[in-house]
Amino acid sequence: MMTGSPNGSPNGSPNGSTNGSTATSSFERIIVTTRRGIDSEVLVTGPSDGTPVVSLHGFTGHLGGEVMLVALAEQGLRVHAPVWPGYSDSVGETAIDDMLDFALHGGDVIAALGLGPSNGLAPVDLIGHSMGAMIAAEMVALAPYGYGKLALISPLGLWLNDHPITDIYTQLPFEFPGLLFHDVAVGTELLAGGGVDFNDPQAIQRFLIGNSRRLGTAGKILFPIPNRRLSKRLYRITNPTLLLWGDDDRLLPRPYADAWSTALAHAERQTIEAAGHMAPYEQPASVAAALATFLTA
Amino acid sequence: MAFRTNVGVAVKFTWFNLMPWPDLPDDFREKNRSVWVDIPSQLFDPVTANRVYNEYMDQLEYAEELGFDGIGCNEHHQNGYGIMPSPNVIAAGLARRTSKAAICVIGNSIALYNPPIRVAEEFAMLDCISGGRLVAGFPVGTPMDTNFCYGQIPALTRDKYYEGHELIMRAWAEDEPFAFDGKYNQLRYVNCWPKPIQQPHPPVYIPGGGSIETWDFCLDHDYNYSYLSFGGYLAGKKLLDGYWDQVAARDKDDSPYRAAFAQIIAVADSDAEAEALYAEHILYFFNRCLHVYPGFSDPPGYRTISTIKAGVLDQLRAENMRVFSNLTWKDLVDGGYVIAGSPDTVIDRMKEMITTLRLGHVFCLMHNGNQPDWKTRYSTKLFAEKVMPQLRNMWPEYDGDDRWWIHPLEDRVRADETMAAARRHPQLPTEAAE
C-alpha cells in the first residue's frame, strides 16, 4: 500500500536535530505499509522512469537535505530512501528485534514500493551507509538473486579484535562530530543544524524521545558490539559490489575497509577524500559520482 | 482486615551494606572517568578484599545481633562502590551465620541470568538454608550493570526482564515440569529444584530508580516498591508521591508496607560529633564512589518513552551525578541526602521521612564510603538502641500488615546449634566426637 503525503523533514541525528534544507523539498515523502503491517516512511526523488535504486540510511538517520541522494537523482536514477522503524513517526520498531527482522523489513519495504522480483520486476540495486550498509549486506546475503548491484558506504557489521570500534552508546552528544566527520566544524553544523534549544524542557524531551527511539532501535543490531555474524554469510554475496570509504573514517578505520575487501574479494573499492564516516554528507558530490558511475555502468 | 495476621508488625529496618571499595585514591576523580564499568582493575587488591569482605559481612551479622529486622545486599558489576557482583554468595554466608533477620537480596538482575531459572534455584536455596528468611529482590538493573557490563541490549532489557520474571514465578509455582517457549529463553523442562519454603513465594521487592512502569508492575503483582536512592528523602519524595498517586489510581490500599526506601544514616552522640566522625567517609562516597561517566548512565533505548515523557529522572543520570560530586557536608545534611546527628536529631528526621514518604520499610545505609569498622558499629549501635525503638509504631492503622515481610519456619534450623550438636553426635565413637 502506498500513500502520498506532503514533503516532510526526515528525522534527526545523534544531536537530535531536524535539519531542514532546501534540498529536502526535492523529495516526495510517502508511507508504505509492508505485508507485515509496518508503516514505513520513504523519501523518493528522481525521474519516474529512472532506474530504481534503494538507499538505506545509517544509525544517525537522515540528517536533512540528503544532497548526495539528490545528486544521484540528477544522474537519472529514481532514488527510494526508506526510513528505518524507530527513525520515523511510526512505531514499527516494536516489531524489529534483531538483524533478521531488519533485513526482512528492508525487503518488505522494497516489495511494498512495487519494486523488485516480488513484483515481477528486475532485482533492485541497493545502496547502504553505515548501519544501513550492514543491513543491505545482510539482505543480499540472505537473497542474492533478489537484488542487483550493491554499494556499501563505510559498512558496520564486522568486528576486529585488534581494532575495537568506538562505542557509540557511550558517546556524549558533543563527541559525535569528531568521531563521525573529517571536518568537525562541518559535522557539528550538520548534526546540530536546526538545533535543539537545551533551555526548553519540551525541546529536550522531544530530543530524548527521538534519540531513544533511533539509537534504541539501532542498538538491537549495534549494541554492545556491532557484529551480528554477517562475516559468516558474506561469501553468499556475488553481486557486483562497490565499497566506498572515507579516507578519515575514525569510527571504522582502514583495517575495516581491508576486512571488507578481503571478505568480498570481487568488490571494487574506492576511497573518498577528505571524508569521515559520514562521507555521503561531507562529500556528497564525490560519493554520488562514484555511485552513479557504478550503478549505471 | 485480611492482612492483620501478625499484630505487632511495625516499621521494618534493614541494615544494608553496599560494600564500597575503601581505597579509591584522593585523585580518583581527576585520573579516572568512572567508578563503574571501566574502573581500573589495578585499583582492586585481593588481599585487601579478604579483609573488606569479611569486615562487611561481620557488620551485617552484627546488625542482626542488635535487632535489625533485616540485613541487605545487592548486585553491582565492575563497580567501585559495590563489590558484590554476586549478592547470593554474600547471602549464603549470612544465611548460615544468622538465624532471625530477613536476608534481603535486593536483588538479582533477572535479565542477566542465563537462563533466569538460575535465580529461582538460588533464591530457593537461600530460602531453604535460612529457614524461610529470604526477601527476593528483582531489579531491572542499572544501565551500567545491565547494558554496559553485561551487554544486554538497552531497548530489549525490560522485555527480557519481564520474561525472566514470568519464568521464575512459574518455576516456583508449578508442581509439574513444564516447557517454557519464551522470546529469550527456551527451556523444554522447567522443574525448579529446590522450591522456596515461603509459599506461594518469598516476599518480592522491586527496586526502582525512576521508571514509572515499575510502579504498575509492583501493583499488578502486589510487590513491594523499593526506591533505592542516594539522593535522600527530600528528593525522593517527588518519586514516592508519584508512586502513591498510582497506588490510589489503581484502587489499592495505601499500606505503607508497599514501599521501601534507602537512606544514608549516621548517628553519634551529638550533631557535631556526627560531622566529626562521619563527614569524610560520606563525602568519600558522594565525591568518589558516585563518580560515574555520564556516557554510561542513560543509553538510548533503556528508558521507556513513557518514563521520558513523565520527566522522572533517574538518580543516576549525569546531571544528578555531577551534583553529587560537589556536595559539602552541609549540603548533604540540609538536602536530606544524609540523616545524621544525635539520636534525637535522627529520630526527628526519620519520623519526617517515614511519614512524608509513607514508608513501612527502611533500608539503612549505615556503612558509607571508607568508613572504618568501629565507627560503623558505633553508629549502628546508637541507631538500634536509641533511634529504632522510637520509630516502630508509626503506622498503627496498618499494625499487623506483614504481606511484604518474611514468614520463616518457627522451628527452623539454627546453624550454630546444629553444628554444636553434630559434634556431640551420640553414634560417633568417643575419639571422633569433639
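A residue counts as buried here if 20 or more other C-beta atoms lie within 10 Å of its own. Keep that in mind as you click through this predicted model.

**Stop 1: chain A.** Select chain A and switch to cartoon view. You'll find nine helices and nine strands. Of its 297 residues, 54% count as buried. Now look at contacts between residues at least 6 apart in sequence: in chain A, 76% of them join residues at least 24 apart.

**Stop 2: where the chains meet.** Show both chains and go to the interface. Here 18 residues of chain A are in contact with 15 residues of chain B. Colour the chain A side by residue type and you get seven nonpolar, eight polar and three charged residues.

**Stop 3: chain B.** Chain B carries 15 helices and eleven strands. Its radius of gyration is 21 Å, close to the 22 Å that the globule rule gives for 434 residues, so chain B is as compact as a globular protein of that length. The C-alpha trace spans about 60 × 55 × 50 Å along its principal axes. In chain B, buried residues make up 50% of the 434.

**Stop 4: B:V387.** Zoom in on helix α14 of chain B, residues 373-387, and pick B:V387. Is B:V387 buried or exposed? It counts as buried, because it has 22 C-beta neighbours inside 10 Å. Leaving aside neighbours within four places in sequence, select what B:V387 contacts: B:V267, B:P343, B:V346, B:I347, B:M350 and B:L382. Finish by drawing a C-alpha to C-alpha distance from B:V387 to B:P343: the two are 44 residues apart in sequence, but 5.8 Å apart in space.

Methods
Residues are numbered from 1 along each chain as its sequence is written. Chains are lettered from A and ligands numbered from 1 in the order in which they are written. This is a predicted model: local features need pLDDT of at least 70, side-chain atom pairs count only at pLDDT 80 or more; totals for chains, interfaces and linings use all residues. Helices (H or I, at least four residues) and strands (E, at least two) are DSSP runs, numbered from the N terminus. A residue is buried if 20 or more other C-beta atoms lie within 10 Å of its own, exposed if 12 or fewer, and partly exposed in between; C-beta atoms are placed from the backbone. Two residues are in contact if their C-beta atoms, placed from the backbone, lie within 7 Å. Ala, Val, Leu, Ile, Met, Phe, Trp, Tyr, Cys and Pro count as nonpolar, Asp, Glu, Lys and Arg as charged, and the others, Gly among them, as polar. The radius of gyration is taken over C-alpha atoms; the globule rule is 2.2 Å times the number of residues to the power 0.38.
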